[in-house]
Amino acid sequence: MDSEVHHPPKSKRFSTARRSTRWPQLLKTFCCLAGISLGLFSVGGIRSSFPWATWDQSHHVSTSENGWEVSWDKYSLLLNGRRVFVWSGEFHTWRLPVPELWQDILQKLKASGVNAISIYTHWGLSNPSRGVLDFDGYRSLKPLLDMSAQVGIWVVLRPGPYINAETTAGGIPHWATTSLKSHLRTNNTEYRDAWIPYIRELSRIVAPYQITEGGPIIAVQIENEYTERAEGGYVGMPEAMEQLKDALRANGINVPFTVNDANLGLKNYVNGSGAGDIYGFDSYPQSFDCANPGIWKPVITEYWDYHQTANPHQPLYIPEFQGGAFDAWGPHAPGYEACKTLTGHEFESVFNLNLWAQNVKMANIYMAYGGTSWGHLPFPGVYTSYDYGAAISENRDINSLKYAELKRQGLFLRSSPDFYKTDVIGNSTHVESSEETHPSVDISNASVFGTLLNNPDTGTSFYVVRQLNSSSIDIVDFRIKISVKGSDPTPHRPQSEYSLQIPLLGAPIELSGRQSKTILANYRFGDLSSHPTAIQRDYNPAFLNTVLHTFDFFSHFLLSGLESSSYLEVESTYSPTELLYSTAGLFFSGRIGYTVFNVLKGVKGVVSVWESDTQVILYADTASTSTLWVPMLGDDDLQSQSEANSDPFRNFWSIGSNSSIIVDGPRLVRSASYSAKRRELRLQGDLDTDRETYLSVIVYPSDLRTVYWNGQRIEVMSSPSTSSSSTALRFNVNPLAKLQKRDNGGNSRDSSLTLPSIPPLEDWEYADSLPEIGQNYDDSEWITADHEKTNSPYKPHYGKKVLYGCDYG
């Protein structure tokens with residue numbers, strides 16, 4: 001119930017007229033997801049978008065004439081009126097100082113289901129000396145923001161002026177740390193005058209890229225982990241925050257201001273002077289002990305309770321959530337591989353889903369890509385590499401279990417808009433409301449802990465389960481009682497509400513050590529235009545129970561799990577075209593309208609277990625999801641740049657489109673676009689260079705005739721595996737072995753792919769890196785280090801002369 005939500009004035013209400021709307025199939029699901037690789041995909045129309053956004057809003061920061069705006073309520077952020085779960089990754093462009101490579105990171109993040117990036121800008125790099133501002137080259141913001149709009153990635157901008165980020169002076173330029181006599185990070189006029197030119201110029205550059213102007217920036221963070229209490233006798237912290245807010249607003253910034261408190265429980269800038277629009281707090285639950293990667297600290301269970309005391313009228317926001325760890329400098333540093341183990345795929349499964357269980361709806365993974373701290377960028381506690389053990393490694397590699405797990409989670413979130421608005425109902429030890437209204441989380445094994453969240457509008461329920469001892473490596477199993485309620489479009493089947501203990505058949509649900517799963521009830525996907533009250537039930541990619549109704553609109557349901565059996569119960573008004581994998585399982589016939597079967601333990605690859613004229617259910621084991629991709633399907637029929645510019649959000653999931661295809665086999669699928677006029681599908685991506693790759697386009701538009709991979713036309717190598725009546729067509733291609741080319745007469749001919757020849761590298765140019773050791777070197781232009789006083793709080797240990805380079809400009 002949205003008792004706290006207030007409708008905006010009519011002049012600012014949103015209109016849905018400019019987009020087509022397709023309502024999802026309402027599904028009664030109970031689905032237990034191991035590693036969360038559930039995806040819901042539709043190809044019913046490229047311009048389709050999720051229409052079930054809630055129009056109730058309590059806060060408006062900015063609105064343009066086009067209705068482009070950011071708003072929020074106690075549940076989530078709303079972008080152009082549509083609910084969004086902000087699932088973000090931290091990326092510092094100055095740690096990858098080659099702008100041509102930034103798009104690579106953005107594409108890999110979007111492919112993993114991440115829908116936003118958080119970026120620190122570096123005052124010291126952009127303002128290296130007093131009066132000098134440099135936003136060109138690798139310091140430039142425009143290329144990144146243009147790429148973000150092109151790829152479809154939202155941006156949270158974090159300009160500091162102080163940023164920490166394990167960089168020298170926290171990003172404050174060294175000329176400011178020494179030439180300013182005042183205490184830094186206060187409202188002192190001298191300090192304010194130092195950062196004002198940087199903030200003014202940065203605001204001028206980024207203001208046209210805000211969502212209100214058709215750009216990707218949705219929020220700006222003020223300062224960083226900043227206390228509001230006087231420290232060391234220095235006052236003026238809240239006033240400094242107000243100065244920063246005023247400067248940003250005065251220079252065109254109108255998106256929400258966010259605050260990142262340093263930790264849970266501090267309540268800095270929740271309200272009052274210096275507060276932002278949305279309060280958040282950072283969390284690094286495993287700390288930074290990479291030397292002992294197998295030793296875990298327990299999950300933090302106080303996020304939701306603290307949020308209720310701090311800012312319950314806002315979304316629960318974690319601006320920095322641990323996505324790795326920095327490796328301390330020194331001879332005993334364990335290295336970043338150990339950090340990646342500490343915060344690897346098991347950590348993601350348990351700790352990321354713990355965020356979901358506590359109703360976090362805005363989270364930023366720090367870092368998603370760490371990169372390199374070049375030159376003198378690192379602060380003394382770290383070294384040049386800033387790999388951070390992130391999902392994308394320092395060399396931009398994504399071949400890891402950690403990236404694959406992030407992708408499974410991201411695609412689940414992308415495909416589950418009912419999860420964007422939920423109330424915490426209770427858990428297996430505590431229930432918020434009466435037993436009649438909200439059932440307890442009833443789990444058969446006391447060593448398993450579960451939390452129930454419920455969407456108040458749709459009735460969809462999400463049970464997030466883990467071991468009570470989150471560090472346990474034991475294998476445990478359990479059954480869980482869930483509440484199933486809703487209506488069924490089939491005649492003579494009225495609304496019902498009942499409790500089920502699942503699994504109904506087969507072995508119990510299993511938690512393999514450090515692992516979490518999500519169990520869904522009353523879940524929806526697809527189109528409701530024909531049957532607005534259809535029902536599906538499912539649980540677990542490892543244990544899936546599905547009651548599925550078919551419709552005229554084509555829908556896809558993808559599930560994956562660990563190496564354990566998968567159980568499905570399918571209810572339909574139509575017979576399936578094929579039960580493709582019944583030979584691998586135990587096939588059962590139930591009551592009228594139901595079909596039940598198991599996909600047994602050991603099934604490998606991506607297989608179809610159910611098909612009809614309107615639906616497909618696919619199964620993939622966990623290992624196979626590493627090469628399984630679900631790219632958003634772009635529109636290749638835009639006639640002009642002006643036509644493309646008329647919809648600046650066309651590349652953003654749910655805001656611009658919710659059409660996708662499923663591609664299996666390549667190392668990465670970067671993008672996909674379809675031309676209905678030419679009936680062409682164009683894919684961009686990467687292949688493994690050490691093996692022959694068979695690319696499978698599993699689901700695609702039924703009128704497709706031609707496929708291109710990285711601009712090369714590719715030959716279909718096998719026929720569709722289903723009957724011609726099914727729109728779930730599949731074929732395999734081998735782009736390494738078979739490329740279809742045309743001769744001068746227009747006839748096709750096959751040829752092997754040949755690599756371009758690389759010319760020999762000759763006439764190298766070089767520069768002497770140590771000219772001062774030369775016998776004839778002239779140092780007469782050097783500045784004499786003769787200062788005997790410094791504003792730095794760290795005075796020289798020996799001698800009278802100050803030898804800090806920043807003291808001399």
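Predicted model: local features only at pLDDT ≥ 70, side-chain atom pairs only at ≥ 80, totals over all residues.
Author: Local features here need pLDDT of at least 70, side-chain atom pairs count only at pLDDT 80 or more, and totals for chains, interfaces and linings use all residues. Residues are numbered from 1 along each chain as its sequence is written, and side-chain values use heavy atoms, with hydrogens and water left out.

Reader: What makes a space count as a cavity?

Author: On a 1 Å grid over the protein atoms alone, a cavity is a set of points where a 1.4 Å probe fits but cannot get out. Nine such cavities of 30 Å³ or more turn up in the whole structure. The largest cavity has about 210 Å³ of space, a volume being the space filled by probe spheres set on the points.

Reader: Which residues line the largest cavity closest to its centre?

Author: Of 18 lining residues (an atom within 4 Å of a point), those are Gly-113, Asn-115, Arg-414, Tyr-420 and Trp-653. Helix 10 gives the largest share, three residues; helices are DSSP runs of H or I, at least four residues, and strands runs of E, at least two.

Reader: Why are strand 12 and strand 13 at the edges of the sheet?

Author: The open sheet has eight strands in the order 12-11-10-9-8-7-14-13, with parallel pairing. Strands pair if DSSP finds at least two bridges between them. Strand 12 (278-281) and strand 13 (316-322) each have a single partner strand, so one side of each is left without a neighbour in the sheet.

Reader: How do you know that strand 7 pairs with strand 14?

Author: Five bridges join them, running parallel, and two would do. Val-86 stands opposite Met-362 in strand 14.

How values were computed
1 Å grid on protein atoms, 1.4 Å probe; cavity = no way out; pocket = protein on both sides within 12 Å on 5 of 7 lines; lining within 4 Å.
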